[in-house]
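Dear colleague,

I am passing on a structure that I would like you to have, and my notes on it follow below. Please read them with the coordinates open beside you.

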Amino acid sequence: MSDKRHSADLTPSICEEALERFRRSEDSLAGVLEQNHIEVRDFMVLSFACDQRGLDVEQLMSALRMSRHSVLDCVERLVTAGLGVYENGADGSASPHLVVPTAAGRRLTRRVLGDDT
């Protein structure tokens, strides 16, 4: 005997309400991901680039053990969200591109990771 109810008949549980508040929070990773249309791996790339003040794609691939395709996808989402940019290498050449967090990307990373310095 099953007591199935339609989802429209159910009231939100405390857990569902808490999850929704957490997802909307600007300080939670879940909120950041949803609000900026990025993924967990994107935030990982952003955080690592913030720590190192920018890295090229090869360095990110090696450090994070990700494929070139995965790194480029992550960076593209960060660029689209205004959280990261490509810059020319130290010698001024266009290659290899450095992946550098924007000021907004650095602020967001510090906020989520709880580093107010």
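Predicted model: local features only at pLDDT ≥ 70, side-chain atom pairs only at ≥ 80, totals over all residues.

At 43% relative accessibility, glutamate 76 counts as partly exposed, a class that lies between buried, meaning under 20% relative accessible area, and exposed, meaning over 50% (1.4 Å probe, protein chains only).

Residues are numbered from 1 along each chain as its sequence is written, and side-chain values use heavy atoms, with hydrogens and water left out.

As for the chain in general, there are six helices and three strands, and read along the sequence they follow the pattern α-α-α-β-α-α-β-β-α. Of the 117 residues in the chain, 32% are buried. Among the contacts (heavy atoms within 4.5 Å) with a separation of 6 or more, 47% are between residues 24 or more positions apart. The accessible surface comes to about 7900 Å², with 52% of it belonging to carbon and sulfur atoms; the areas come from the Shrake-Rupley method with a 1.4 Å probe, and for residues only the protein chains shown count as cover.

The helix packing comes next. Axes here are lines fitted to C-alpha atoms, for helices over the stretch in contact, and angles run from 0 to 180 degrees between N-to-C directions.

Helix α3 (residues 40–52) packs against α5 at an angle of about 85°, with the axes 9 Å apart. That makes α3 roughly perpendicular to α5, the word being used for angles of 65 to 115 degrees. Arg41, Asp42, Val45 and Leu46 of α3 make this contact with Ser70, Cys74, Val75, Arg77 and Leu78 of α5, and the residues divide into five nonpolar, one polar and three charged. In this division Ala, Val, Leu, Ile, Met, Phe, Trp, Tyr, Cys and Pro count as nonpolar, Asp, Glu, Lys and Arg as charged, and the others, Gly among them, as polar.

The axes of helix α4 (residues 57–64) and helix α5 (residues 68–80) come within 9 Å and cross at roughly 115°, and α4 and α5 are therefore roughly perpendicular to each other. Val57, Glu58, Leu60 and Met61 of α4 meet Arg68, Val71 and Leu72 of α5, a set with five nonpolar, no polar and two charged residues.

Helices α3 and α4 pack at about 110°, with their axes 11 Å apart, and are therefore roughly perpendicular as well. Here Met44, Val45 and Phe48 in α3 meet Leu60, Ala63 and Leu64 in α4, and these residues divide into six nonpolar, no polar and no charged.

Histidine 37, in the loop between α2 (29–36) and α3, has a phi near 55°, a positive value in a residue other than glycine, and is exposed, with a relative accessible area of 66%. Arginine 65, in the loop between α4 and α5, has a positive phi of about 55° although it is not a glycine, and at 77% relative accessibility arginine 65 counts as exposed.

With kind regards

Technical notes:
Helix = DSSP H or I, 4+ residues; strand = E, 2+ residues; numbered from the N terminus. Parallel < 35°, antiparallel > 145°, perpendicular 65-115°, else oblique.
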